[in-house]
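This report describes selected features of the structure shown below. It takes up a sheet, a helix and a single side chain in turn.

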Amino acid sequence: MNATKLVRTKGETPLGKPFWYLRCRIEPSLNGMDNQEEVKMKKSVILGAATVAGLAAGAAMAGTVDDVKARGKLNCGVTTGLVGFAAPDANGEWQGFDVSLCRAVAAAVLGDASAVEFVPTTGKTRFTALASGEIDMLARNTTWTFSRDVDLKFEFVGVNYYDGQGFMVPKALGVSSAKELDGATVCIQTGTTTELNLADFFRSNNISYEPVPIETNAEAQQQYLAGACDVYTTDASGLAATRATFENPGDHILLPEIISKEPLGPLVRHGDHEWGDVVRWTLNALVSAEELGVTSANIDEMSAGTDNPEVNRLLGSEGTLGEMLGLDAQWAMRAIKAGGNYGEVFAKNIGEETPIGLARGLNGQWTDGGLLYSPPFR
Ligand SMILES: N[C@@H](CCC(=O)N[C@@H](CS)C(=O)NCC(=O)O)C(=O)O
């Protein structure tokens with residue numbers, strides 16, 4: 001059970017100056033942990049995550065595939081709400097680019113794309129939720145970094161969106177470059193790479209800023225539109241998704257600077273390689289399907305067998321790839337059918353025909369000059 005709380009929180013500016021602010025926190029309960037342990041753990045996430053690492057090692061024993069099968073449901077960590085990536089629709093159904101990955105994994109493992117419990121996580125709570133076992137995987141614009149991989153002891157199984165950090169400002173501010181932001185107040189989500197990149201960028205350009213720390217995208221949007229900060233900075237995809245929900249998106253511009261690399265991808269706990277393989281190859285199946293021309297429109301026909309042996313191995317009419325993964329022959333077929341291939345998922349949720357309007361760019365197939373390159377299905 002999650003609970004939402006307003007919490008008075010002490011923050012610190014990069015120069016170590018303390019200040020207090022109110023934030024809205026969604027608190028996922030941690031299985032089998034009391035409140036004090038939870039608080040302790042959160043603290044350690046912030047401080048360098050020794051406890052998270054310890055817990056990850058404890059909770060990461062093999063067996064997630066079996067746990068998910070026995071439960072009949074995938075516990076998938078997503079954002080608290082970012083339209084296009086993960087947000088409940090008017091009927092309360094989670095929709096989005098990241099949500100589709102959760103559904104694809106559920107379809108592969110459980111044969112049911114709707115057998116997913118979506119667990120909202122913030123930039124701060126996401127790692128605790130995964131390390132503790134509350135979620136089986138995290139599919140939430142999370143950047144693959146050295147320390148999250150090595151120190152926090154998670155395993156990023158791939159990249160589903162190549163991104164970078166950008167800045168959004170009201171047009172009326174009259175600014176055309178991030179380098180003109182000296183002295184600006186900046187809305188920034190805590191527990192993110194965004195926070196760290198921002199400090200690096202301003203420091204290396206010898207300019208100063210005042211952070212307005214917030215915990216969720218909804219809060220950031222609210223604060224930014226209320227004028228509590230001059231600038232909102234986060235992953236460029238998140239800026240586009242946020243701006244698309246504004247009443248007057250045209251009153252806001254994205255500045256030209258992209259100040260970081262943000263390879264976003266799904267992650268699992270270190271050590272459970274069977275489970276890591278399932279999530280990794282489900283993502284690869286969606287990417288390969290696009291490369292191989294398998295779509296939701298032709299998949300039924302193609303599953304019966306084609307003259308392309310790789311398509312046949314992918315869709316299960318030839319070979320034993322499913323068995324090697326501990327699943328059946330149609331696992332990938334079901335994953336692709338759940339929401340379409342990578343290109344279909346992209347176009348439907350965040351592509352140029354949607355209000356979010358993202359171009360494929362780096363997220364195009366390698367055959368189109370992009371970075372998407374699935375290893376072969378053989
Ligand atoms: N990629 C960065 C930032 C991720 C992040 O928290 N992004 C925000 C803004 S796009 C978000 O997802 N917010 C959704 C939410 O508040 O739940 C990271 O991994 O640290």
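## Basis and terms

Two strands are said to pair if DSSP finds at least two bridges between them. Helices (H or I, at least four residues) and strands (E, at least two) are DSSP runs, numbered from the N terminus.

The model is predicted: local features need pLDDT of at least 70, side-chain atom pairs count only at pLDDT 80 or more, and totals for chains, interfaces and linings use all residues. Residues are numbered from 1 along each chain as its sequence is written, and side-chain values use heavy atoms, with hydrogens and water left out.

## The five-stranded sheet

Five strands form an open sheet of mixed pairing, in the order β12-β11-β13-β10-β14. Its edge strands, β12 (209–214) and β14 (252–254), each pair on one side only.

Strand β10 (residues 165–170) pairs with β14 in the antiparallel sense over three bridges. Met168 stands opposite Leu254 in β14.

## Helix α10

Gly293 follows α10 and has a positive phi, near 80 degrees.

## Asn312

Asn312 lies in helix α12 (residues 309–315). Asn312 counts as buried, because its relative accessibility is 4%. Not counting residues up to four places away in sequence, Asn312 touches Gly305, Thr306, Ser317 and Glu318, where contact means heavy atoms within 4.5 Å.

Key:
Buried < 20%, exposed > 50% of the residue type's maximum accessible area, 1.4 Å probe, protein only.
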